[in-house]
Amino acid sequence: QVQLVESGGGLVQAGGSLRLSCTASGSMRRINVMGWYRQAPGKQRELVAHIINSGSTKYADSVKGRFTISRDNAKNTVYLQMNSLKSEDTAVYYCAAAELVTASTWRNPYWGQGTQVTVSS
């Protein structure tokens, strides 16, 4: 089992910045990818960004150039630096960890409890 604890959400004005953190604990042996998903009201959960153990990253087109994902392997912590925030970034952000089987297939994902990000215009 893997436990994920998120922090860093909140309310920010458009154009502002926030940094989300997610710390993993438990059996990380099969985990080789960590990332962030988000879900806005009435919408499906979508991938925001992920980072694999090699350091390779992937971003949703909507956040490229504004968001940066990074990780501290020694602390089992992944970060999401969000800059130039827009109202459409408002959502619950979920940390996730899994075994990346293919470029787009996650096996046995674990999820955090979610943290609210609200961007006011």
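**Contacts and their labels**

Guide: Let us start with a charge and a ring: the charged end of Arg 45 sits over the ring of Tyr 94, 3.8 Å from the ring centre. Please keep in mind that this is a predicted model.

Visitor: What makes Arg 45 count as lying over the face of Trp 111?
Guide: Part of the answer is distance: Arg 45 is at 4.6 Å from the ring centre of Trp 111, and the cut-off is within 6 Å. The charge must also be within 35 degrees of the ring normal.

Visitor: How do you know that Trp 111 is partly exposed?
Guide: Its relative accessibility is 36%. Buried would be under 20% and exposed over 50%, so Trp 111 counts as partly exposed.

Visitor: Why is the pair of Tyr 37 and Trp 111 called edge-to-face?
Guide: The ring centres of Tyr 37 and Trp 111 are 5.1 Å apart, with the planes at 70 degrees. Centres within 6.5 Å make a pair, and planes over 60 degrees apart make it edge-to-face, so that is the label for Tyr 37 and Trp 111. This pair links distant parts of the chain, with Tyr 37 in strand β4 and Trp 111 in strand β10, 74 residues apart.

Visitor: How many aromatic pairs does the structure hold?
Guide: The structure holds 2. Tyr 37 also forms an edge-to-face pair with Trp 106, at 5.5 Å centre to centre and 85 degrees between the planes. Tyr 37, Trp 106 and Trp 111 form one aromatic cluster.

Visitor: Why is Tyr 37 called buried?
Guide: The relative accessible area of Tyr 37 is 16%, and the limit for buried is under 20%, so Tyr 37 is buried. Trp 106 is buried as well.

Visitor: What makes the contact of Glu 46 and Arg 38 a salt bridge?
Guide: The side chains of Glu 46 and Arg 38 meet at 2.7 Å, N to O. The cut-off is within 4 Å, so the contact of Glu 46 and Arg 38 qualifies.

Visitor: Are these two residues buried or partly exposed?
Guide: Glu 46, at 34% relative accessibility, is partly exposed. Arg 38 is buried, with a relative accessible area of 6%.

Visitor: Which residue forms a salt bridge with Arg 38 at 2.9 Å?
Guide: That is Asp 89. The pair links distant parts of the chain: Asp 89 lies in the loop between β8 and β9, Arg 38 in strand β4, and they are 51 residues apart. At 1% relative accessibility, Asp 89 counts as buried. Arg 38, Glu 46, Arg 66 and Asp 89 are linked in a network of salt bridges.

Visitor: How do you know that Glu 99 forms a salt bridge with Arg 107?
Guide: Their closest N and O atoms are 3.6 Å apart, which is within the 4 Å cut-off. Glu 99 is buried at 19%, while Arg 107 is partly exposed at 40%. The structure holds 5 salt bridges.

Visitor: Why is the link of Cys 22 and Cys 95 called a disulfide?
Guide: The S to S distance between Cys 22 and Cys 95 is 2.0 Å. Cys 22 is in strand β3 and Cys 95 in strand β9, 73 residues apart. Both Cys 22 and Cys 95 are buried.

Note on methods. Residues numbered from 1 in each chain as written. Predicted model: local features only at pLDDT ≥ 70, side-chain atom pairs only at ≥ 80, totals over all residues. Heavy atoms only, no water. Disulfide = S-S within 2.5 Å. Helix = DSSP H or I, 4+ residues; strand = E, 2+ residues; numbered from the N terminus. Buried < 20%, exposed > 50% of the residue type's maximum accessible area, 1.4 Å probe, protein only. Phe/Tyr/Trp six-rings, centres within 6.5 Å; stacked < 30°, edge-to-face > 60°.
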